[in-house]
Amino acid sequence: MQYTLKNDILKIIVDDHGAELKSIIGLSDNTEYLFDGNPKWWKYTSPVLFPIVGKLNNGKYRFNGKEYSLPGHGFGRISNYKCLNQENNKIDFVLDWNEETFKNYPFKFCLKISYILSDNKVKNVWSVKNVDNKLMYFSIGAHPALKCPIEKNENFNDCYLKFNVPEKSSRILLDSSGALTNNRIPIIDGTELNLNYEMFKDDALIFDDLKSDEISICSHKSSKSITIQAKNFQFWGIWTPDKGGAPFLCIEPWHGHADFVNFQGDIKEKDGINTLSPNEIFNSEYSFIINE
């Protein structure tokens, strides 16, 4: 089922499947800022990544001597959530552990996801609670597919990324299976990065050292832009399909990342993993800011 929130500036649509944001429309001229999920390119629009981010080596991980399987980016994006509450400017969803999730993720959790409209901003709030009697290990991340270019008469190469802090950063390279390597290539020097499809031929740009907490898709030819604002995220991914031509770019703040090449340890030892004690709650949020 889909739900709509609207104010004088924006209208958004959210689906209870995946608690996934499906549309962000600027009402001044009905511009859509989110990719439409055309499966020719990618069947998602803005999935929530939980309880892992990225891929596991061979799709498996280990916990206390037992092996488990999870799909890439976890099951959060393919689960049905319950709508808890809808107000004029806010909607809340929840996903609780169940016997099926417990088979391959042996932790009892409660994941709440909220969307809040405020002027030209869409805030996405996450709350993860450990309702188990043992330490819980998890990752969570965003994967929004933003229209790029935003204007119909422009091309991908007309666009650039703008960082709110000058950066001098290298991307972490992935191998052919989607695992992180220890190899890095310098790619950002300053506050802007011009876009082209070629830079994604080896998969996503992965960063663990960005100082910026705002990354915007801007155009050299027009004034519209969209900003992802995400404070206190160590990891970022930037991605579009490697075959080129897709009309979107994902800007992804993460708490966690894919396995490193050859990692076969316990999930407790996974780089970037988050922990929660029994009854402890992890809170995080990020926002879309529409600049028209």
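Predicted model: local features only at pLDDT ≥ 70, side-chain atom pairs only at ≥ 80, totals over all residues.
Lys-11 stands opposite Ile-25 in strand 3. Strands here are DSSP runs of E with at least two residues, and helices are DSSP runs of H or I with at least four residues, both numbered from the N terminus. Residues are numbered from 1 along each chain as its sequence is written, and side-chain values use heavy atoms, with hydrogens and water left out.

Strand 3 covers residues 20-26, and because six of its seven residues are buried, it is largely enclosed by the rest of the structure. Buried means under 20% relative accessible area, against over 50% for exposed and values in between for partly exposed (1.4 Å probe, protein chains only). Strand 3 pairs with strand 2 (residues 10-15) in the antiparallel sense over six bridges; two strands pair if DSSP finds at least two bridges between them. Four residues lie between the strands of this hairpin, where Gly-18 takes a positive phi near 80°. Strand 3 is also joined to strand 4 (residues 31-32) by two bridges, again running antiparallel. Here Ile-25 stands opposite Glu-32. The hairpin of strand 3 and strand 4 likewise has four residues between the strands, and Asn-30 takes a positive phi near 60°.

Strand 9 (residues 90-96) has five buried residues out of seven, so it is largely enclosed by the rest of the structure. Strand 8 (residues 82-86) runs antiparallel to strand 9 and is joined to it by four bridges. Gln-86 has Ile-91 in strand 9 as its bridge partner, and the hairpin formed by the two strands has three residues between them. Seven bridges connect strand 9 with strand 10, also in antiparallel arrangement. In this arrangement Leu-95 stands opposite Leu-111 of strand 10.

A nonpolar core is a set of buried Ala, Val, Leu, Ile, Met, Phe, Trp, Tyr and Cys residues joined through side-chain atoms within 4.5 Å. The largest one has 70 residues, and Ile-24, Tyr-115, Leu-161, Leu-249 and Phe-288 have the most contacts inside it. Strand 10 supplies the largest share of this core, five residues. A second, separate core of 19 residues includes Phe-35, Trp-42, Ala-246 and Trp-254. Contact means heavy atoms within 4.5 Å. With neighbours within four places in sequence left aside, the contacts of Leu-249 include Pro-144, Phe-156, Leu-161, Ile-217 and Trp-239.

The search of the whole structure gave 24 aromatic pairs. Rings of Phe, Tyr and Trp (its six-membered ring) pair if their centres lie within 6.5 Å, and planes under 30 degrees apart count as stacked, over 60 as edge-to-face and the rest as tilted. Phe-50 and Tyr-105 form an edge-to-face pair, at 6.2 Å centre to centre and 70° between the planes. This pair links distant parts of the chain, 55 residues apart: Phe-50 is in the loop between strand 5 (48-49) and strand 6 (60-63), and Tyr-105 in the loop between helix 1 (99-104) and strand 10 (109-118). Phe-50 counts as buried because its relative accessibility is 0%, and Tyr-105 counts as buried at 0% relative accessibility. Phe-50 and Tyr-105 belong to one aromatic cluster, with Phe-107 and Phe-282 among its other members.

Phe-107 lies in the loop between helix 1 and strand 10 and counts as buried at 0% relative accessibility. Beyond neighbours within four places in sequence, Phe-107 is in contact with residues including Phe-63, Trp-97, Asp-132 and Tyr-137.
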